[in-house]
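Let's take a walk through this structure together. Have the sequence and the 3D view at hand.

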Amino acid sequence: MIRLDKFLSEMSGWTRSEVKKIVRTGSVTVDGNEVKKPETKIDEKLSIVSVDGRQIKYNKYEYYMLNKPKGFVSATTDRENKTVVDIISSSEKKDLFPVGRLDIDTEGLLLITNDGELAHRLLAPKNHVEKTYYVEVSGILDDVDVEKGLDIGEEKNTIPAKMEILKTDIQNNISSCYLTIHEGKFHQVKRMMKKLGKTVTYLKRVSMGSLILDSKLKKGNYRKL
C-alpha cells in the first residue's frame, strides 16, 4: 500500500505539493470513486487511479536503450555539458541514470534506467558482463595483440579480451575491429589500444551482455525497453 499523493508524484512527475492541490479539486478517482484526501492509501499495483479521466498506471522502473551521440556525458547532472539523461524527454521519472559510462566522445549503446539492482548486477566486476565495442584505430592490429591481458597501469592486468579484426589498411595505417571486454576500467579500450601502440580514432559500444544496440536506432535516439 502507498499514499495516493506519493503514487501520483512518482508516476506523473508532479511535485507532492502539486499533487495535493490536484487531489483536493476532486480531479482524482480511485477505482471510479472520487478521492479528495492525498493521504488515502491505495494498492499501487491493483488500484485504478485516474486524473481527469486519464489513468495513471503504476510503473516503478523504466528502461531505455539509447544510441549515445558524441558530446554528451554519462551522468545525471553536469555543469558544463548536456547529459545522456537529458535526452530521455518522454519520461516523468526524476531518478533515471546511465548504467555505466561512455566517454563524451564515445558513441553507442547505453542503458538508462532507475533500477539500481539491475545496474549493480550489470556493473559488478565479479559478474564479468561482456561489453563489445566497434573500434577504429590508427595502426595495424594483428592476432598477437589479443593473446593476453594487458598492463594499463592498474593493480592487475586487464582480463584477456576478445578481438575480431574487421579491416586492416597497411597503406593508410588504419584498422578496425570488434573488441569484447569483461571489465569497465576508466578509458579501458583507449588505454588498451595505447598499450598496443595504437590510437583510437572512433569508438562505439554495440552490446552489453545480451542487450544489442538496435541497428535502426539513430544516434541521439532512444526507445523504451
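How many bridges join strand 13 to strand 14? Two, and these strands run antiparallel. Keep in mind that what you're looking at is a predicted model. Strand 14 covers residues 211-212, and its Ile212 stands opposite Ser207. Together, strand 13 and strand 14 make a hairpin with two residues between them. Look in the turn for Gly209, which has a positive phi of about 60°.

Now stay with strand 13, which spans residues 199-208 and is mostly covered, with seven of its 10 residues buried. Strand 10 is joined to strand 13 by eight bridges, and those two run antiparallel.

Next, the rings. There are four aromatic pairs in the structure. In one of them, the ring centres of Phe7 and Tyr58 lie 6.5 Å apart with the planes at 15°, so this pair is stacked. It ties together distant parts of the chain, 51 residues apart: Phe7 sits in helix 1, Tyr58 in the loop between strand 6 and strand 7. Phe7 is buried at 1% relative accessible area, whereas Tyr58 is partly exposed at 29%.

Tyr134 and Tyr178 meet another way: their centres are 6.0 Å apart and their planes at 65°, so the pair is edge-to-face. Tyr134 belongs to strand 10 and Tyr178 to strand 12, 44 residues apart.

Conventions:
Residues numbered from 1 in each chain as written. Predicted model: local features only at pLDDT ≥ 70, side-chain atom pairs only at ≥ 80, totals over all residues. Heavy atoms only, no water. Phe/Tyr/Trp six-rings, centres within 6.5 Å; stacked < 30°, edge-to-face > 60°. Helix = DSSP H or I, 4+ residues; strand = E, 2+ residues; numbered from the N terminus. Buried < 20%, exposed > 50% of the residue type's maximum accessible area, 1.4 Å probe, protein only. Pairing = 2+ DSSP bridges.
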